Each structure stands twice: as structure tokens, then as C-alpha cells.
Amino acid sequence: MLKGKHIILGITGSIAAYKAAYIIRALVKKGAEVQVVITPAGKEFITPVTLSALSSNPVISEFFSNRDGSWHSHVDLGLWADAMLIAPATAATIGKMANGIADNMLITTYLSCKAPVFVAPAMDLDMFAHPTTQENLKKLRSFGNYIIEPAEGELASHLVGKGRMEEPDKIIEVLDAFFTTEKELEKKKILITAGPTYEKIDPVRFIGNYSSGKMGFALAEACARRGAEVVLVAGPVSLNVYHPDIKRIDVESAEEMYHVAMQEFPGSDVAILSAAVADYRPESQETEKIKRETKGDMQLHLVPNKDIAASLGAIKKEDQILVGFALETNNETSHAENKLKRKNFDFIVLNSLRNQGAGFRCDTNKIAIIDKFGEMLEYPLKSKQDVAEDIVNKLVTLIK
Ligand code: CTP
């Protein structure tokens, strides 16, 4: 739904600036109108001629036009825009944005812009990891800006790590999704649990599972895009959150997840429990690393963890909705129906490990939804993002 949208594309001095050409092409193809604003350093990496040819608009870089002295109004530009995208965004530009250092046309435009702002950082891994950069990004998030996290991979320095600008396709997807979605979940507070839990054995070992958290994170993004305020309680995962309306709380153990969920649920309209919570934990944790020589054969005594879903189900009010997951290997439907009742879910999302491409660690999933009225809907294999949309669609019908 980028058709007819006015997009300011801010380009800064990074080797990733060449990817801006692909971004412009994709935006124009989708029917958007693009106005490029480039920093002086940005012009060292890609020429305004390329950018203006692709965008069919003159590129703005200076406060005044060198040719006739006419003034480029950053204020008008800020009002014209439906969105501003800064891609690539260097550490310097991010720092200037966070601190209001308006010494170039891009920053003055940013400060005047009333539309949503998307920032796609690009820099070396150590620059990205530096506390200054992280503090500045935190500030931008607190201003309501959307950070499109960089990907991990080989960088211009040939080092490998996090800092490479996200691919143009993904950036366009984020923007497209922003404009596409109806805000059916506006004013709804949604609690989501995601990922595995780690149950400590000693300071270096734990009991865990293969959950990647991808399904829960996709759900958080989908709910936030539809206007919800999301609290995402995440077990140990290596995933990023993009939407500024997602508050992420990181936990490690089932016990920690239980406490956060119990605290957040009373103020929530909906809870979606996609976490793969460990059912058991070691009865006690060793404070020092267990040594092989002193132990020989070893037995771990495990005790059950609290069932977060059942605990929320027990305190659920009439106007709250509880959504659970079931990952099964056999007798899938009857196990899922049993969990739906036992945990007082409004609906349960069933995935079977017997289906290829479903369950833990995949980017795809194949689900069935069974609701409390006994209705069952089966879906084909889809990306976890699309599965998240199906689940949210079901949620929206219940809320309505
Ligand atoms: N769940 C939870 N807390 C737990 C265990 C499970 O909140 N301690 C939630 C999961 O997030 C999921 C649902 O309950 O939404 C079902 O999880 P599952 O592990 O399949 O349920 P269990 O009751 O542990 O059943 P099983 O014996 O099959 O492991």
C-alpha cells in the first residue's frame, strides 16, 4: 500500500549507500513518490545523478541551491512526507538525530518531519555495539522512530558481525506493512510470551529446548502493526524487535517468565502464550561448576515449573482473551483440545512436528486453530510472518 505515498529517503555516508538505489527503484515500482535528501558524505558514496534519475526528482543536499540561491524548505518537505526513511544511517547521523545537531539538510528535515521515521543503521560491528550508538538508538526508539535493525554478516571491513544494513527488500517490507495494515487492535494491550526458557543446572549449564522465538516475535510485530501495545516477554533468543510499540522484557527461566506474565496479565486485554516453557527445572542449582572427576555418574532431580498458561487461565476475566499453543508429535487434535479446556484458552494454535517445515527453528509453520466453540481451521504451510497474520485475524474476529 505504498501507492501514492510521499517518502523522503535520507542517505548518509556509508558504503551501503549503493543499496539506496535499489530502495528507490522498489519504492517507485510500488507507486510511491520519492524525494532524496543526501548528506555531503553520502555524495562521496553514490552520485545525485543516479539518485535523481531513479527517483525522477532532483536530489536535495544543501540548504540553498548553488545554481540560483533558492532555499530548500526542510519544513515543507517534513510536512509533505507520509514517511521518512533513513537508509543507510551512519553512527554519526544517528548521533545527530538523537541529539538534535542540525548541521545538514537531512537532520533539519528529520527534525521538521511529522510523519513516521524509519532508520536503517549501517556501520562496522564495533561501532554498532558501542554504548554510545546503542544509547542513541534507544533515544530514537523513545521518540517513536522505527529502527530497522542491521543484519549479521560480512561487513565492508571484512569483519563478520552485526552492522550490515538490512536488505532493501526487507526494508520495503517493513514500510509496506506499516501502510497496509488496518489498526483493528488499537487501544488493546497484548501480552506475548516467546522463545524457550533456560533452567540452570550450574553457572555454565542449563536445560533448554530448540524454540527460536520466531513465531512469538512475528506475532508481536503483527499485533503492534495493527495498533496494539505489546508486552513481549522473551526467553533467551537472538532476535530483534522492530516496532516501537513493543515493550520487550527479557527473562531466562520459567519462574521469571511466570512472574512477569502474572504481573502484566491483569492490565492486558489479550495474552498469547507462544513460549516453549520448560516443564521441569533442577531442584537446586550448583553455585560452582560441576566437575566431572568428582561426580562420576550423575542424576539430576527435577521439579515441575509453574504452568503459566493454566495460571493465567485461572484468573482470566470475562473480557480477556487467552491464546495458547500446542506443539505435538502424536494424537495432535485431542492433545490440543485437552489443553484448550485445561488451560481455559479461547483458542489454541496447534502445530505438529510430523509436518515438515513446522515447529521449532523453522522460518515456516503449518498450523490449525481450534477455538473454544469447537471450530477447527486448518492452514497450509506459510512463513511465520503470514502465520502470525492468520492468528491475529482469528483474534480480531473474537474481539469484534
Ligand atoms: N505453557 C505455559 N507454561 C508452562 C507450560 C506451557 O505457559 N509451564 C503454555 C505454552 O506457552 C503453550 C501451552 O501452555 O501455550 C501448551 O504448552 P505445552 O508445553 O504443549 O503444554 P504442557 O501443559 O506442558 O503439555 P505437555 O505435557 O504436552 O508438554
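User: Are helices α10 and α12 roughly parallel or roughly antiparallel to each other?

Analyst: Good place to start. Two packed helices are described by the angle between their axes and the distance between the axes. In this predicted model, residues are numbered from 1 along each chain as its sequence is written, local features need pLDDT of at least 70, side-chain atom pairs count only at pLDDT 80 or more, and totals for chains, interfaces and linings use all residues. Side-chain values use heavy atoms, leaving out hydrogens and water. Here, helix α10 (residues 254-264) and helix α12 (residues 308-315) have axes 10 Å apart, at an angle of about 20 degrees. The two helices α10 and α12 are therefore roughly parallel.

User: How are those terms defined?

Analyst: Helices are DSSP runs of H or I with at least four residues, strands are runs of E with at least two, and both are numbered from the N terminus. Axes are lines fitted to C-alpha atoms, for helices over the stretch in contact, with angles from 0 to 180 degrees between N-to-C directions. Angles under 35 degrees count as roughly parallel, over 145 as roughly antiparallel, 65 to 115 as roughly perpendicular and the rest as oblique.

User: Which residues of α10 and α12 make the contact?

Analyst: With contact meaning heavy atoms within 4.5 Å, Ala254, Met257, Tyr258, Ala261 and Met262 of α10 meet Ile308, Ser311, Leu312 and Ile315 of α12.

User: At what angle do α4 and α7 cross?

Analyst: The axes of helix α4 (residues 91-99) and helix α7 (residues 131-142) come within 9 Å and cross at roughly 50 degrees. That makes α4 oblique to α7. Among the residues in this contact are Ile94 and Met97 of α4, and Leu137 and Leu140 of α7.

User: How many aromatic pairs are there?

Analyst: Rings of Phe, Tyr and Trp (its six-membered ring) pair if their centres lie within 6.5 Å; planes under 30 degrees apart are stacked, over 60 edge-to-face, and the rest tilted. By this rule there are 5 aromatic pairs. One of them joins Phe118 and Tyr146, with centres 4.6 Å apart and planes at 20 degrees, so the pair is stacked. Phe118 belongs to strand β4 (residues 117-121) and Tyr146 to strand β5 (residues 146-147), so the pair ties together parts 28 residues apart in sequence.

User: Is Ser56 buried or exposed?

Analyst: Ser56 counts as exposed, at 61% relative accessibility. Asn344 also has a positive phi, of about 60 degrees; this residue lies in the loop between α13 (332-342) and β17 (347-352). At 34% relative accessibility, Asn344 counts as partly exposed.

Technical notes
Buried means under 20% relative accessible area, exposed over 50%, partly exposed in between (1.4 Å probe, protein chains only).
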